[in-house]
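Me: Hi! I've got a new model open and would like to chat through a few spots in it. Can you help me find my way around?

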Amino acid sequence: MNEPRDPALETLAVWAGEDGPTLQGATQVPVVHSVSFGYHDVDHWRDVALGRREGHIYGRNTNPTVQAFEQKVRALEGAEAATSFATGMAAISNTLFTLLAPGQRVVSVKDTYGGTNKVFTEFLPGFGVDVELCETTDLEAIEAEVGRGCQLLYLESPTNPTCKVLDIERLAGAAHRAGATVVVDNTFATPINQNPLTLGADLVVHSATKYLGGHADALGGAAVGRADLVERIYHFREINGATLHPEAAYLLLRGMKTLGLRIARQNQSALTIARHLDAHPFVSAVFYPGLEGHPGHAVARRQMRGFGGMLSFELKGGFDAVRTFLPRLRYAHRAANLGAVETVVAPPATGSHVELTAEERAAMGIPESLVRYSVGIEDVDDLIADLDRALDFTAERHGTKEQA
Ligand SMILES: *Cc1c(COP(=O)(O)O)cnc(C)c1O
């Protein structure tokens with residue numbers, strides 16, 4: 001008899017969390033719309049309410065469809081426990097507000113997702129939490145701040161939108177020596193490309209809205225990791241009510257079945273496109289961790305299985321060039337989203353970092369002529385032809401073709 005083998009992530013993406021029981025043996029997880037769950041027997045009801053028996057009480061707390069989604073994310077990240085949220089930002093803010101208290105200190109980096117950055121700069125300080133945001137690529141500075149004492153280290157890698165890479169293992173080590181908890185936003189990498197928990201993180205947060213769902217039709221979030229921490233975060237969420245809707249949970253579950261296929265394709269296409277753009281005369285810089293010249297390439301090679309489907313590039317000719325370029329793309333939604341089956345393109349000035357001023361973006365090293373490109377699952381040659389056509393048109397219009 002062969003030993004049962006550990007399933008690969010691609011297999012878990014299809015099967016994990018779906019063990020039922022389902023209604024009359026349905027092979028697909030049913031969307032359970034019921035707000036509450038009834039019990040004939042009061043003792044049974046009480047046991048479920050007290051967590052002594054499996055079951056559901058009320059939809060703000062738990063729901064079978066939502067639970068299947070949580071278990072799938074848990075399995076993919078190799079986590080002890082998982083809980084879910086209405087959005088990625090709900091996952092992030094619930095995690096931060098659960099784990100931090102007045103008088104405590106959190107260390108993070110300047111390049112976090114725009115909404116996360118707002119929690120750090122606008123909201124946490126008002127609750128008496130000391131926030132220290134370090135230069136994203138300055139490992140020594142982050143280690144020094146962590147060494148000065150903190151309760152939480154919050155990381156994101158690769159970052160949005162310039163795809164900087166943080167050495168998660170090294171920074172998690174520093175944080176644990178200081179007695180701090182480590183949280184990593186793994187939205188960009190996805191569990192197919194990177195598992196922060198195996199690199200030392202205590203918790204992983206996701207915007208499931210992006211790659212996990214993959215079809216840009218449902219918002220959702222998750223926090224997975226150490227059971228004691230997830231339990232506390234779940235408790236905060238069940239009280240404040242940022243609950244994932246069962247309909248959204250179903251869409252996310254269905255999307256996640258193809259996560260392995262999508263990410264394999266997007267990894268490959270993004271690398272091909274990044275190399276192509278890197279050699280294009282009208283593109284002054286390409287940010288993609290898979291490029292050998294990327295400052296984080298060596299660390300990315302070590303901690304990631306693939307370099308992801310997100311890249312960004314800078315056009316010659318400033319924001320005017322961006323204004324000309326974007327409408328010329330045939331195969332891209334111009335929208336504030338990423339990680340979908342369709343290619344999605346956005347200037348950070350209107351998308352992820354719209355909450356910031358031009359000065360704040362400049363201080364974060366985000367040029368106004370940057371284009372964030374989320375590679376879809378289209379044929380890569382079609383995407384390259386599309387980019388080339390739009391780039392040629394823009395270069396001609398802005399008269400920089402000769403000087404390029
Ligand atoms: C989109 C995003 C979020 C926020 O997720 P929502 O589902 O939009 O709330 C957080 N982190 C990263 C890296 C993201 O891309």
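**A walk through the model**

Reply: Happy to! Leaving aside its neighbours within four places in sequence, Ser 207 is in contact with Gly 88, Thr 187 and Gly 220. Keep in mind as we go that this is a predicted model.

Me: OK, and where is the place of Ser 207?

Reply: Ser 207 sits in strand 6, which covers residues 203-207.

Me: Is Ser 207 buried or exposed?

Reply: Ser 207 is buried, with a relative accessible area of 11%.

Me: Let's switch to helices. At what angle do helix 4 and helix 5 cross?

Reply: Helix 4 (residues 88-99) and helix 5 (residues 114-123) cross at roughly 35°, and their axes come within 10 Å. The crossing is right-handed.

Me: Which residues make the contact between helix 4 and helix 5?

Reply: From helix 4 you have Met 89, Ile 92, Ser 93, Leu 96 and Phe 97, and from helix 5 there are Gly 115, Thr 116, Val 119, Phe 120 and Phe 123. Sorted by class, the contact of helix 4 with helix 5 has seven nonpolar and three polar residues, with no charged ones.

Me: Nice. What about helix 11 and helix 15, how do they pack?

Reply: Helix 11 (residues 259-278) packs against helix 15 at an angle of about 30°, with the two axes 10 Å apart. Because of that angle, helix 11 counts as roughly parallel to helix 15, the cut-off being under 35 degrees. The crossing of this pair is right-handed.

Me: And which residues of helix 11 and helix 15 meet?

Reply: On the helix 11 side they are Ser 269, Thr 272, Ile 273, His 276 and Leu 277. These meet Val 380, Leu 383, Ile 384, Leu 387, Asp 388 and Leu 391 in helix 15. By class, the contact of helix 11 with helix 15 comes to seven nonpolar, three polar and one charged.

Me: Helix 13 packs on helix 15 too; what's the angle there?

Reply: Helix 13 (residues 318-325) and helix 15 (residues 380-397) pack at about 130°, with axes 9 Å apart. That angle is why helix 13 is called oblique to helix 15. This crossing is right-handed.

Me: Who meets whom between helix 13 and helix 15?

Reply: Helix 13 brings Ala 321, Thr 324 and Phe 325. Their partners in helix 15 are Leu 387, Ala 390, Leu 391, Phe 393, Thr 394 and Arg 397. The residues of the contact of helix 13 with helix 15 divide into six nonpolar, two polar and one charged.

Me: Speaking of phi, what is the value for Gln 24?

Reply: Phi of Gln 24 is near 50°, which is positive in a residue other than glycine. Gln 24 is located in the loop between helix 1 (9-15) and helix 2 (42-49), and at 81% relative accessibility Gln 24 counts as exposed.

Me: What about phi of Thr 190?

Reply: Thr 190 has a positive phi of about 70°, although it is not a glycine. You'll find Thr 190 in helix 8 (residues 190-193). Thr 190 is buried, with a relative accessible area of 1%, whereas Gln 24 is exposed.

How values were computed:
Residues numbered from 1 in each chain as written. Predicted model: local features only at pLDDT ≥ 70, side-chain atom pairs only at ≥ 80, totals over all residues. Heavy atoms only, no water. Axes fitted to C-alpha atoms, helices over the stretch in contact; angles between N-to-C directions. Helix = DSSP H or I, 4+ residues; strand = E, 2+ residues; numbered from the N terminus. Parallel < 35°, antiparallel > 145°, perpendicular 65-115°, else oblique. Left-handed = near helix turned anticlockwise from the far one by under 90°. Contact = heavy atoms within 4.5 Å. Nonpolar A, V, L, I, M, F, W, Y, C, P; charged D, E, K, R; others polar. Buried < 20%, exposed > 50% of the residue type's maximum accessible area, 1.4 Å probe, protein only.
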